[in-house]
Amino acid sequence: MFTRLRTRLTLFYGGLFGLALAFIAAFLYPMVSAQALKSAKGQLEATSKAFERIEALQTHQLRESAGISATDFGFRSAVAMAEIDPVTARTALANLHRRIGVDIAYLILPNGVVVSEPSAAELPPELIAKLMADETDHGALVLERSAYRAVAAPVLAPDNIGWLLVGARLDDAQMRSLASLTAIPIEAELLVHRGSSWMLTARSAEKRVEDVDQKARAPENDAIIEDRQVASMDGNDIRLQLSFPIAVALAPMMSLLGILLATGLVGLAILGVAAWFLARSITRPIAVLEAATRRIEDGDYSPVQIQSRDEIGRLARGFNMMVNTIEERTRTITHQALHDRETDLPNRQHFERALHEVVVESGYIYVGAIGIDRYSQIRDAIGYSNAASLVAALGGRLRERQMLAAPARLSGDIIGIAFVARSEAEAVLWLGETVTALELPLEVGRQRIDITAKAGFARLSEPSAGGQNPIDRASIALDQARKAHRKIAAFDADAYGDPVANLSLMGDMLRALASGSIFLVHQPKLNLRTGEYDGVEALVRWPHPERGHIRPDIFVPMAEETGHIRELTEWVLAQALKDQATLAAAGLSMRVSVNISGRLLGDPWLEQMVDRLAGKGLDKLCFEITETAVMNDPDRAMTQLRLFAEKGIPISIDDYGAGLSSLAYLKMMPAQELKIDRGLLAGLTANGRDTFLLRSTIDLGHGLGMKVVAEGVEDTQALAILQGLGCDLAQGYLISRPVPLPDLIRFLKENTHQTNHSLRVSQ
Ligand code: C2E
Ligand code: MG
Ligand code: MG
């Protein structure tokens with residue numbers, strides 16, 4: 001209720017004024033009305049006194065007239081003879097009556113007989129008794145319904161021979177002339193008490209009251225009353241009542257109050273309007289400020305326009321300054337929230353927002369994740385701040401390419417980009433060019449840095465994405481590219497599998513190991529000098545009942561993470577020994593290479609395992625270990641490797657050239673075999689730079705006294721080159737895919753003593 005300040009102020013001022021008015025009226029009214037009533041009362045009292053004087057005067061006149069008449073000789077004679085000659089007495093009375101001009105005239109004889117004119121009203125016996133007893137000689141007298149002022153004079157001859165009683169009417173005219181003596185319109189009434197009620201005998205008011213018997217004395221709370229006892233001749237209670245209605249007395253007061261009220265109301269209205277305008281002039285700038293605060297909520301920081309120099313103006317200026325500061329701070333906070341602190345490149349959140357806004361007219365939008373190779377090594381070498389400058393510089397280079405969104409730093413070594421291409425092939429091409437442009441040497445902190453990078457990419461809106469974020473898909477694609485040692489890779493959903501389902505994968509794996517649904521396949525290694533198959537590599541296979549074949553590079557890392565790699569390795573070792581025995585029994589005795597996870601290297605469990613299997617033909621196996629596996633804890637790893645070598649288990653260095661190759665470690669490792677990663681074979685031509693690299697690697701292996709195996713040989717040209725470069729062994733789809741043991745046995749039986757493998761392949 002009344003939530004607006006303007007309304008409240010208006011009501012407050014108006015109410016205050018109204019209250020003041022009411023207070024004045026409440027104070028004045030009793031004062032003025034008491035004064036009015038007092039003055040009316042005074043007037044009534046004065047009139048009452050005037051009646052008394054008139055009464056005395058009239059009584060005196062009547063007494064004079066009666067006295068003179070009583071002494072008249074003729075009249076006295078008639079009175080003296082009245083008992084004998086009542087007719088003469090009555091005539092004398094009538095003559096007197098006419099002569100002195102009174103309204104009533106009676107003759108009362110000493111024996112109580114009353115002589116009167118025939119039309120005259122009868123005198124009350126109490127009066128006659130009083131006269132005789134000399135108890136009265138003047139006063140008011142009521143005969144029938146009329147009142148009189150009467151005087152009785154003795155008729156002396158010389159003894160008292162009777163009384164002459166004369167009277168003048170006390171009528172309405174008398175009352176009127178009495179009432180007219182005052183300046184105020186009073187009413188005069190003459191009342192006589194009869195029985196239980198009052199009878200009205202005369203009144204000043206024009207209108208006659210019909211039922212005079214019912215006339216009650218005026219109630220005192222309606223009128224101001226001046227009540228006067230009139231001296232009565234016969235003992236009746238006769239009253240003169242002067243009344244003045246309070247309503248009439250207060251009428252001028254009421255009109256005064258009315259005027260006061262009317263002017264008060266006009267004043268109130270004026271004050272209300274003025275208060276409203278005043279309140280508006282105060283609240284309008286406040287409303288402007290309030291609207292401005294609401295605009296800020298919507299991100300509109302425009303200043304308020306209030307020009308006044310008063311407190312409100314100062315408040316507005318303060319408000320504008322505060323808004324400026326908030327805007328500045330908000331901009332800084334927003335910038336910080338959306339940018340990488342080290343490089344000031346947009347961050348992942350910024351990138352996500354930008355992706356929501358991109359639209360293209362034709363083609364598809366692709367999200368790319370470009371990963372800098374060996375970033376942590378570079379950072380360790382040149383320092384964190386230089387590394388950040390390097391990433392910022394690469395971001396700058398990327399910005400020069402045609403991008404749909406600003407390149408953003410997704411994580412330490414990954415920069416996200418968005419671009420348009422008509423097809424996946426075009427995306428590969430465009431991204432390839434982009435990465436090549438990025439790989440130009442850079443100068444950071446006066447150091448020249450050669451960098452290489454890989455990139456993964458994914459369609460922004462891929463129907464089969466399964467709810468994955470496109471940035472995540474691009475990052476996964478980058479991981480896939482890194483694992484596959486490829487420069488560019490599109491997101492491969494099949495290879496990625498179902499990460500949610502992977503959560504329950506380890507339980508499934510343990511059950512599969514127990515039930516025997518996991519099995520080993522073997523890929524033969526061809527000796528390029530003799531054309532014989534010198535050995536096989538055992539690779540684990542898991543046909544999952546619901547998800548189909550699960551690749552080892554999905555579940556092996558998971559087993560490593562969850563600690564289940566021991567169970568897997570134990571099973572693989574046991575199975576490899578069995579398969580080796582089966583091969584030997586088939587007359588194909590050869591070394592079976594087993595992949596040992598880098599996580600297990602240095603683990604005492606592995607030693608115990610080796611000890612347990614030592615007498616069971618473990619020396620017919622070979623341990624393939626990636627070179628990077630040694631790097632976590634080189635001392636323990638080397639000690640363990642030496643121990644295995646002492647027990648006669650040959651060591652093979654797997655995936656050489658895929659990671660960061662360290663000559664120092666390579667030199668120290670007691671290995672007999674070096675397996676060149678298939679990444680080094682990609683795009684191999686007779687005279688390229690890759691051939692040179694391959695030759696040096698082969699020479700290096702030989703120099704360290706190792707046999708060199710080439711992995712992933714897929715075509716005859718590569719095989720020929722490897723042969724030419726002096727590579728000892730080859731393994732790859734060209735020779736044979738990894739196959740189950742029975743197929744391997746069949747294959748080996750069919751192909752032993754094949755001296756020239758290249759001839760066989762070309763046939
Ligand atoms: P790896 O030890 O380097 O094994 C060679 C991988 O290359 C195998 O993949 C094999 O099928 C594949 N390969 C062989 N020839 C060719 C070729 O000509 N072209 C191409 N593109 N690929 C070829 P696979 O079987 O999927 O195994 C992947 C990796 O999983 C292995 O790499 C190894 O690191 C790991 N792994 C496999 N079995 C085991 C195991 O029993 N224990 C452990 N710890 N790791 C295993
Ligand atoms: Mg291997
Ligand atoms: Mg390998």
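In this predicted model, strand 3 and strand 4 (residues 146–156) are paired in the antiparallel sense, with 6 bridges between them. Within that pairing, A140 has R149 of strand 4 as its bridge partner. The two strands belong to an open sheet of 5 strands, whose order is 2-1-5-4-3 and whose pairing is antiparallel.

**The open sheet and the helices packed on it**

- The edges of the sheet are taken by strand 2 (114–116) and strand 3 (138–143), each of which has a single partner strand, so that one side of each is left without a neighbour in the sheet.
- From one strand to the next, the twist of this sheet averages 30°.
- Helix 3 (residues 86–100) lies across strand 1 (104–108), strand 2 and strand 5 (160–170), and its direction runs at about 145° to strand 1.
- Helix 4 (residues 125–132) also packs on the sheet, where it touches strand 1, strand 2, strand 3, strand 4 and strand 5, and its direction makes about 130° with that of strand 5.

**Helix 1**

- Helix 1 (residues 5–70) has 66 residues, which at 1.5 Å a residue should span 98 Å, and this agrees with the 96 Å that separates its end C-alpha atoms.

**Nonpolar cores**

- In soluble globular proteins, nonpolar side chains tend to be buried together.
- The largest nonpolar core here has 83 residues, and of these F555 and L583 touch the most other members.
- Helix 17 (residues 565–585) supplies the largest share of this core, namely 8 residues.
- If residues up to four places away in sequence are not counted, L583 touches V536, L588, S589, M590, V592, L741, L744, I745 and L748.
- Another core, of 31 residues, lies apart from the largest one, and Y366, I449, A455 and A490 are among its residues.

**Parallel pairing around strand 24**

- Strand 23 (residues 673–676) pairs with strand 24 (residues 707–710) in the parallel sense over 4 bridges, and the bridge partner of E673 in strand 24 is K707.
- Strand 24 is also joined by 2 bridges to strand 25 (residues 729–730), with the two strands running parallel, and here V709 stands opposite L729 of strand 25.

Terms used: Residues are numbered from 1 along each chain as its sequence is written. Chains are lettered from A and ligands numbered from 1 in the order in which they are written. This is a predicted model: local features need pLDDT of at least 70, side-chain atom pairs count only at pLDDT 80 or more; totals for chains, interfaces and linings use all residues. Side-chain values use heavy atoms; hydrogens and water are left out. The expected span of a helix is 1.5 Å times one less than its number of residues. Two strands pair if DSSP finds at least two bridges between them. Axes are lines fitted to C-alpha atoms, for helices over the stretch in contact, and angles run from 0 to 180 degrees between N-to-C directions. Contact means heavy atoms within 4.5 Å. A nonpolar core is a set of buried Ala, Val, Leu, Ile, Met, Phe, Trp, Tyr and Cys residues joined through side-chain atoms within 4.5 Å. Buried means under 20% relative accessible area, exposed over 50%, partly exposed in between (1.4 Å probe, protein chains only).
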